[in-house]
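This briefing covers model confidence and salt bridges. Please look at the sequence and the structure before reading on.

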Amino acid sequence: MVMTRKTRRLILIGTVGAVLAAAVGLVLFALSGEITLYKTPTEIVEKHVTEGRRLRIGGLVEVGSVIRQDGGRVEFKVTDTANAVPVTYTGLLPDLFKEGQGVVAEGKLDQTGLFQADTVLAKHDERYMPKEVVDALKAQGVWEEGQPGGPKPPTAKN
Amino acid sequence: MIVEFGHFALILALAVAVAQSILPIVGFFRRDPALMAVAPKASLMQLLLVAIAFSALTYAYLVSDFSLVNVVENSHSEKPLIFKISGVWGNHEGSMLLWVLILALFGAAVAVFGGNLPQTLKANVLAVQGWISTAFLAFILTTSNPFHRLAEPAMEGNDLNPVLQDVGLAIHPPLLYLGYVGFSIAFAFAIAALIEGRIDAAWARWVRPWVLAAWIFLTAGIAMGSYWAYYELGWGGFWFWDPVENASLMPWLVGTALLHSAVVMEKREALKVWTILLAILAFSLSLLGTFLVRSGVLTSVHAFATDPTRGVFILAILCLFIGGGFAMFAVRAGTLRQGGLFAPLSREGALVLNNVFLTVAAGVVLFGTLVPLIVSAFGGAISVGAPYFNTVFGPLFGATLLVVPFGPLLAWKRGNLLGALERLWAVFAFAALIGLGIAWLNGATHLLAAVGLGGAVWVLVGAFAELWSRARFRQVGLAVGFRRLAGLPRSAFGTALAHAGLGVTLLGIVSTSAFQSEAILEMKPGDTATVGGYSVTFDGVRNGAGPNYTEQVVSMTVRQGGTVQFIVEPTRRFYTTRQMPTTEAGIRTHGLSQFYVTLGGEGRQTGSLVVRMWDKPLVTLIWLGALAMMAGGALSLTDRRLRVGAPKPARQVAPVIVAD
């Protein structure tokens, strides 16, 4: 089998092209379904957020909202001080999960507006707030720059 | 006084770095050996000065010098000794100092061990190292100085973040930095080659040990980080596709590609331009990793004490080196002559395919990591997590793994795919049998796992096909076969071991993901629960105290079929200084599997706790595979081909080998 330089180059370009095309295809497929949208509690409450879509919400754990249920299930509310979204989660909460602390929850909204979280994140470092939470609080105008631990946590509105 | 001494040494190191950046290059262009000879001396001097600075900071931590801002914020007089030492780099300033120390260490290593390098290349390589040192020393001194004093010393420190008070901190960052920074040598070699406009097989031979060493450390750093996150975070997972993790994976992927393309260049003088590009890319991604970790632009669960204002400085360094590197590449790459030709089906062809897959895989990880930034620049907000990466990276890397066994079986220049297939069919049959067996045992629910395990066996066993076929056991018999094996270069064993490591890791990942059993429930003393064939009894809670924390140790007896197997003791700690709770998972290794118990908060009933338990079959293989990869790399590093003077033919050097 005699191959010219041109054929070799074509084969190389073809291979690279095929792998790239496969990668681009996979990326596009993943982008259409596997991307998590980030929403603030206000956006979820005020705007129409489609249920069933994978979402990530960030805010503060509303003080007085944490209720422990049987079998390790926990209910709490995530607030950006203007609006709060009820969240349910089964599993172990991070060590730094506390009322009034910043938190990020990932999961889906159900028909009743309850957020079914499968992941709850808090930071490793108690001095640091998740950027998404800071953004949410800034949007509400309750964030003060340079304040360690963020603004005073709001209390539950029942 | 000692602290001021260290501070002064750091400033001097910057001055030396500036000299090291300029003089050797001037010497190169003026053909002045005296100026070029400055480079090795300057890099040794720099190591000495940075080491003094680092020791001074370590001393301040050891004696708890609370007149230093950095010590006050990150240490405590009652902190155990090991964490006083590792705490030096458990914060932004100290970790940057460690970064520069390792950079100086690599520079000095080139100066000392690069005895057989041509003087011009050595001078240029060390000058480029000098540029990097200058940038980072300036960064430390202007924005992140660990030697700042307080006007009024504090009485006590704020303690180190409890999550970091673990041996993991003593090991993981230094290993990771050795990997990241190690690629700076490859970068310096690439830029030096572009400056000189000359590159040949000898270049690849000089640069390969450095790339290999960096790769081994990076592999170790990533594996160690993964295991640390696994046992410390209590999520029971080993990889979260967090931006910071991706930041270390990308240079690893490109570094792996570089490792392989350098082989082609060394053996066949082909892929020169591509290898240079990979060298620049690997270090660029390392810098990007440093930037992502240090700046906090992306939300990460592993990022500590980040500061966006300082991130801008690193971003500037990043743009300078990446932009400069690529600009230089664009201008000068044309001057490099292309080397040997090869057929698509050949060892070279296989290595090119490996490179294509690895760089494309690195590309999709880069895209997934940065796309939230791009979207947020346009006002949107998304997060890209495990689902994206599993969907995109999984198939790409899976395809890469499947072709791994073929590579070493193909000959250089023109390979024989049919011959390779002939030698691999038995491995394939064995792997398929394992896959089918698992599918048959577990039914249709675990089809993916069956495919994954079959694939893992294929990679694992296939890795040894080259050794097997080179020994020719079947043709020459056992005794001669073993003699033939003993005569093979160590790099052949290194390749086999490293490739087998991939299979081992894959085996661990697939079996843990598919076959782990899990339970989340509330338990109080006396309760018994079942997890995957084990019954777990909550025996009780006892209180204890460590040097800077109080703890509640939960004792649980794990039984299988009525007989006691082992006791696990997950623990909740409370660090008094920071008022911060942590959970230490209770982990017991049995065979290659692990039983993992972690604790949540209090349950609904009084005295009960929320408990999460896993039985993770073969989970340790994930990290044992990484160990095998590192061992394979180390074995290749001892290959005499890399130890002997590169340009000299083997015949002349042989007596030296015999002598040692």
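**Salt bridges and confidence**

B:R205 is partly exposed, with a relative accessible area of 24%. Salt bridges that share partners join A:R54, A:R56, A:E106 and A:D118 into one network. Both belong to a predicted model, in which 18 salt bridges are found over all chains.

**The bridge of B:R205**

- The partner of B:R205 in a salt bridge is B:E266, and the closest N and O atoms of the two are 3.5 Å apart.
- This pair links distant parts of the chain: B:E266 sits in helix α10 (residues 243-268) of chain B, B:R205 in helix α9 (residues 201-232) of chain B, and the two residues are 61 residues apart.
- B:E266 has 5% relative accessibility, so this residue counts as buried.
- B:R205, at 24%, is partly exposed, because buried requires under 20% relative accessible area and exposed requires over 50%.

**The bridges of A:E106**

- A:E106 forms a salt bridge with A:R54, in which the closest N and O atoms are 2.7 Å apart.
- A:R56 is buried, as is A:E106.

**Confidence in the model**

- The model has an ipTM of 0.78 and a pTM of 0.90.
- For chain B the average pLDDT is 88, and 94% of the residues score at least 70.
- Among the elements of chain B, the highest mean pLDDT (97) belongs to helix α3 (residues 38-62) of chain B, and the lowest (39) to helix α23 (residues 650-659) of chain B.
- Over residues 644-660 of chain B, pLDDT stays under 50.
- The model has 11 contacts beyond four places in sequence for residues 644-660 of chain B.
- Where pLDDT is low, predicted coordinates should not be read in detail.

Methods. Residues numbered from 1 in each chain as written. Chains lettered and ligands numbered in written order. Predicted model: local features only at pLDDT ≥ 70, side-chain atom pairs only at ≥ 80, totals over all residues. Heavy atoms only, no water. pLDDT = per-residue confidence, 0-100. Helix = DSSP H or I, 4+ residues; strand = E, 2+ residues; numbered from the N terminus. Contact = heavy atoms within 4.5 Å. Salt bridge = Lys/Arg side-chain N within 4 Å of Asp/Glu carboxyl O. Buried < 20%, exposed > 50% of the residue type's maximum accessible area, 1.4 Å probe, protein only.
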